[in-house]
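Subject: Structure handover

Hello,

Please find the structure below. My notes on what was found in it follow.

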Amino acid sequence: MTDEEIMLDLGEDFPELRQAIRKICEKYPLTYWAKLEDEKGYPVEFVQELTDGGFLAALIPEEYGGAGLPLRAAAVILEEINANGCQASPAHAQMYIMGTLLRHGSAEQKAKYLPDIASGKLRLQAFGVTEPTTGSDTTQLKTRAVRDGNSYVINGQKVWTSRALYSDLLLLLARTTPLDQVAKKTDGISVFLIDLREARGKGVDIRPIAALMNHNTTEVFIEDLRVPGDALIGTEGKGFKYILDGMNAERVLVASECVGDGRYMIKRAVEYAKERRVFNRAIGENQGVQFPIARAYSELEAADLMCRKAAALFDAHQPCGEAANIAKLLASEATWKAADTALQTFGGFGYAQEYGIERKWRECRLYQTAPVSTNLILAYVAQHVLGLPRSY
Ligand SMILES: Cc1cc2nc3c(=O)[nH]c(=O)nc-3n(C[C@H](O)[C@H](O)[C@H](O)COP(=O)(O)OP(=O)(O)OC[C@H]3O[C@@H](n4cnc5c(N)ncnc54)[C@H](O)[C@@H]3O)c2cc1C
């Protein structure tokens with residue numbers, strides 16, 4: 001490799017993908033996202049365009065109509081969406097959760113769903129794990145699925161199930177064997193693929209949650225929902241392991257989204273610092289303004305390197321739990337630093353909706369809580385990397 005190639009590798013990898021995403025994002029300016037937030041709407045056109053371009057099927061193998069790209073390519077897509085002022089979160093779940101179906105679904109399930117997910121005929125955007133009373137302690141979840149002949153009857157409640165109103169399918173985690181009847185608390189949990197088009201109004205009630213940001217997130221109430229036996233993914237009782245299998249990919253993808261958001265905030269802060277004049281000079285001439293931006297940029301670059309390392313390990317089928325968790329930790333903090341710095345740089349105008357900074361600032365805060373909170377990541381590093389006692 002020449003030096004130029006190495007530089008390129010560390011810079012704009014997958015340049016064609018990046019260019020294509022940028023072109024799409026140009027059509028969805030700040031006003032589009034601001035209006036959507038006012039209306040608490042979902043970016044139907046934007047997600048459709050990403051779907052039509054095949055971007056959301058990046059990780060689906062070619063035999064099922066997807067692009068069969070490496071994880072790093074998917075990470076680049078999500079990063080680039082956010083780096084261009086758009087929002088990856090309305091569309092990202094398909095990439096996050098499709099892997100469970102791909103790795104653990106039966107041949108029939110894969111043939112039935114994956115081509116339609118790849119083409120966009122079916123939207124797989126909802127993932128029901130979190131529950132109101134159990135939170136991060138997933139093995140304590142209360143949603144129960146009970147075998148009844150050829151079907152399962154499901155009862156329970158999920159909270160923060162994002163995009164459920166805009167998804168045809170819901171990947172649902174439910175307990176199939178009561179906690180007091182399993183050897184390990186991680187046993188007895190199963191994954192189901194629920195067809196929401198059939199289930200809504202017949203046992204599933206979805207209610208939007210008003211939240212800090214427009215994330216189309218909901219509460220899902222499940223009462224005597226009857227689903228066919230073949231809604232079960234893989235082996236009954238092994239669902240917790242299946243979900244864990246997908247965690248590293250999810251961490252890498254969400255970390256890349258953070259990097260994208262951080263890049264956007266730094267770009268906006270730099271532009272504004274150059275153009276805003278106070279005391280007869282650009283505010284960016286002051287070290288008090290430029291140093292925080294330079295620091296946030298530096299921290300983001302470090303996080304980006306960790307994202308690339310984690311994705312490279314994943315794509316090389318090497319153990320990547322440490323790198324993926326650290327990437328998510330560093331990127332979520334770096335994006336928040338970048339967002340807060342941008343808000344400060346914009347002064348009062350940072351608070352004006354018109355500039356879009358306060359909206360992104362709110363969005364950038366989420367990553368320290370969802371899809372997994374920082375403490376849980378630190379607990380992973382402490383226990384699994386450093387060998388410290390399990391703390392929870
Ligand atoms: C906008 C949004 C969208 C979301 N989308 C989805 C979704 O689509 N699907 C889904 O299933 N979930 C979703 N979530 C839920 C999200 O994954 C959870 O909020 C997150 O995992 C934390 O769970 P909790 O909110 O119950 O917090 P809790 O588990 O109650 O934790 C509260 C705080 O205590 C800390 N804490 C808890 N236990 C420990 C411990 N042992 N040691 C140290 N600190 C601890 C946590 O780190 C956290 O800071 C979403 C959340 C939000 C806000």
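This is a predicted model: local features need pLDDT of at least 70, side-chain atom pairs count only at pLDDT 80 or more; totals for chains, interfaces and linings use all residues.

Overall layout

The protein has 13 helices and 10 strands. Its radius of gyration is 21 Å, close to the 21 Å that the globule rule gives for 392 residues, so the protein is as compact as a globular protein of that length. Along the principal axes, the C-alpha atoms fill a box of roughly 80 × 45 × 40 Å.

Ligand site

The ligand is surrounded by 23 residues, and the closest are Val129, Gly135, Ser136, Trp160 and Tyr392. By class, this shell has 11 nonpolar and 12 polar residues, with no charged residue. At least two residues of the shell come from each of strand S1 (124-128), strand S3 (151-162) and helix H13. The ligand lies between domain 2 and domain 3, because both of these domains give residues to the shell.

Helix packing

H13 (residues 374-385) also packs against helix H11 (residues 321-345): their axes come within 10 Å and cross at roughly 145°. The crossing is left-handed. On the H11 side, the contact is made by Gly321, Glu322, Asn325, Ile326, Lys328, Leu329 and Ser332, and on the H13 side by Thr374, Ile377, Tyr380, Val381, His384 and Val385. Taken by class, the residues of this contact are 6 nonpolar, 5 polar and 2 charged.

Backbone details

Two places in the backbone are listed here for your own checks. The peptide bond from Ala370 to Pro371 is cis, with omega near 5°. Pro371 sits in the loop between helix H12 (357-365) and H13. The other place is Asp224, which has a positive phi of about 50° although Asp224 is not a glycine. This residue belongs to strand S7 (residues 217-228).

Regards

Definitions and conventions
Residues are numbered from 1 along each chain as its sequence is written. Axes are lines fitted to C-alpha atoms, for helices over the stretch in contact, and angles run from 0 to 180 degrees between N-to-C directions. Helices (H or I, at least four residues) and strands (E, at least two) are DSSP runs, numbered from the N terminus. A crossing is left-handed if the near helix is turned anticlockwise from the far one by less than a right angle, and right-handed if clockwise. Two residues are in contact if their C-beta atoms, placed from the backbone, lie within 7 Å. Ala, Val, Leu, Ile, Met, Phe, Trp, Tyr, Cys and Pro count as nonpolar, Asp, Glu, Lys and Arg as charged, and the others, Gly among them, as polar. A residue is near a molecule or strand if its C-beta atom, placed from the backbone, lies within 6 Å of it. Domain bounds come from an automatic or database domain assignment. The radius of gyration is taken over C-alpha atoms; the globule rule is 2.2 Å times the number of residues to the power 0.38.
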